[in-house]
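Hi,

Here is the structure I said I'd pass along. Have a look at it first, and then read on for what turned up.

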Amino acid sequence: MEITQFRKDSHLNRILPVATIEAYETKTGRRYMVRYRKPDRTQTMKRGFKTKRDAQIFLSNTEVSKNRGEYIDPKLANVTVAELGPAWVERKQHLKPSSFRPTETAWRLHVQPVWGKRVISEIPHTEVQAWVTKLSVGDDKAKPSIKPKSATTVIRAYGVLAGILDDAVKDRRMLANPARGVNLPRKSKKTHIYLSHDDVSNLADSSKYPLLVRVLAYCGLRWGEAVALRIKDVDTTKRRLRVDQNAVRVDGKIFVGTPKSHERRTVPYPAFLAKAISDACKDNHPDDLLFPDKNGYYMRPPHTGRNRVSWLDAAVNASEVARVTPHDLRHTFASFAVSAGANVKVLQKMMGHASAAMTLDVYAELFDDDMDAVAIALDNAVSK
């Protein structure tokens, strides 16, 4: 038995069969097959329907999706996450090494093992939500057990899966992304450590690299930006540092590229650092690093390892200041700048943030006095 639908082709001026439903016999009984035309007019088919009604429902739904522009080719949808994932990760190599490496790790450790064998068209939204929740809170019953992951790790892993499925939607492999709309854990904002001027002075004086400590605390550079400075980046006349490169350590290797957010900038340094910086530049080649290691290469960040104390740890212990990282010295600069009267836009420019909104989001607490000033000004205006 065969059911055939027809339509008129305006280009060929003749009637063409739109679709047919055909019965055929198998070892397990009668089955039905639907032959139909895709939007590009090429013919395809789908077999295996147990009843003619199931075949008719499929055909009706297919015709409706074609009319609405929502048709998805079943062959394109019948791919697994593992088939699409590697190419997606490969396309992310434009990212800086410090961003690409965590993305590749998230794919390899968290996404591929769970979702690799799954066909993209068979992934439900609720299952993605359950996976995100399990990563966040852990699962002692799983074999092996799953330990809770940080919000950053969970969000990054989710972003990889969602990104792969986003591309599948764009390539018309699926109509909607089942990963979108998932509830994600919130990142907890770390408490910033702000040193006083006396703390910075004591820390620097106790340090193996006193000038580097002061530059980090009074110029607001990231660690990688500071250790990438070369003699030619120093303008001793105008007291300026040109931040043009960033030396980042990834998997034990140093990668040199543009600063974070690709924001090249020039920052001033205070007059009390002028002599020390001039002395550091003296008798050196313009291409020499301002803060080299003992071999003249880029300094590595002062991480503390097991049974090992870094030069920064030693300085902290000797000066008895709060335990800080190089990035805490950058936060300290922000507090000094705001105390000196810098507004959000000035702070954004000096720190190399992508936007003032980002600066305010990171350092909103430093502008509490500004809010108090607004309230006082409004009170004075009304009183007058």
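Here's a place to start: which residues does Leu-203 touch, not counting those up to four places away in sequence? The model is a predicted one, and in it Leu-203 touches Leu-195, Val-213, Leu-312, Ala-315, Val-316, Ser-319, Val-321, Val-324 and Leu-329.

Leu-203 also belongs to the largest nonpolar core, which has 42 residues. Leu-203 is among those with the most contacts inside that core, along with Leu-212, Val-215, Leu-221, Leu-241, Ile-277 and Phe-291. Several elements each supply at least two residues: the helices α7 (197-205), α8 (210-219), α9 (223-227), α10 (274-281), α11 (311-319) and α12 (326-339), plus the strand β6 (240-243). The largest share comes from α8, with 8 residues.

There's a second, separate core too, with 28 residues, including Trp-107, Tyr-158, Ala-162 and Ala-179.

Now the whole chain. You'll find 15 helices and 9 strands in it. The radius of gyration is 31 Å, whereas a compact globule of 384 residues would come in near 21 Å. Along its principal axes, the C-alpha trace spans about 95 × 65 × 50 Å. Buried residues make up 40% of the 384. Of the contacts between residues at least 6 apart in sequence, 56% join residues at least 24 apart.

As for the surface, the chain exposes about 22,600 Å², and carbon and sulfur atoms supply 51% of that. On charges, there are 64 positive and 43 negative, and their mean positions are 8 Å apart.

Cheers

How values were computed: Residues are numbered from 1 along each chain as its sequence is written. This is a predicted model: local features need pLDDT of at least 70, side-chain atom pairs count only at pLDDT 80 or more; totals for chains, interfaces and linings use all residues. Side-chain values use heavy atoms; hydrogens and water are left out. Helices (H or I, at least four residues) and strands (E, at least two) are DSSP runs, numbered from the N terminus. The radius of gyration is taken over C-alpha atoms; the globule rule is 2.2 Å times the number of residues to the power 0.38. Buried means under 20% relative accessible area, exposed over 50%, partly exposed in between (1.4 Å probe, protein chains only). Contact means heavy atoms within 4.5 Å. Accessible areas come from the Shrake-Rupley method with a 1.4 Å probe; for residues, only the protein chains shown count as cover. Lys and Arg count as positive and Asp and Glu as negative; His and the chain ends are not counted. The place of a charge is taken as NZ of Lys, CZ of Arg, CG of Asp or CD of Glu. A nonpolar core is a set of buried Ala, Val, Leu, Ile, Met, Phe, Trp, Tyr and Cys residues joined through side-chain atoms within 4.5 Å.
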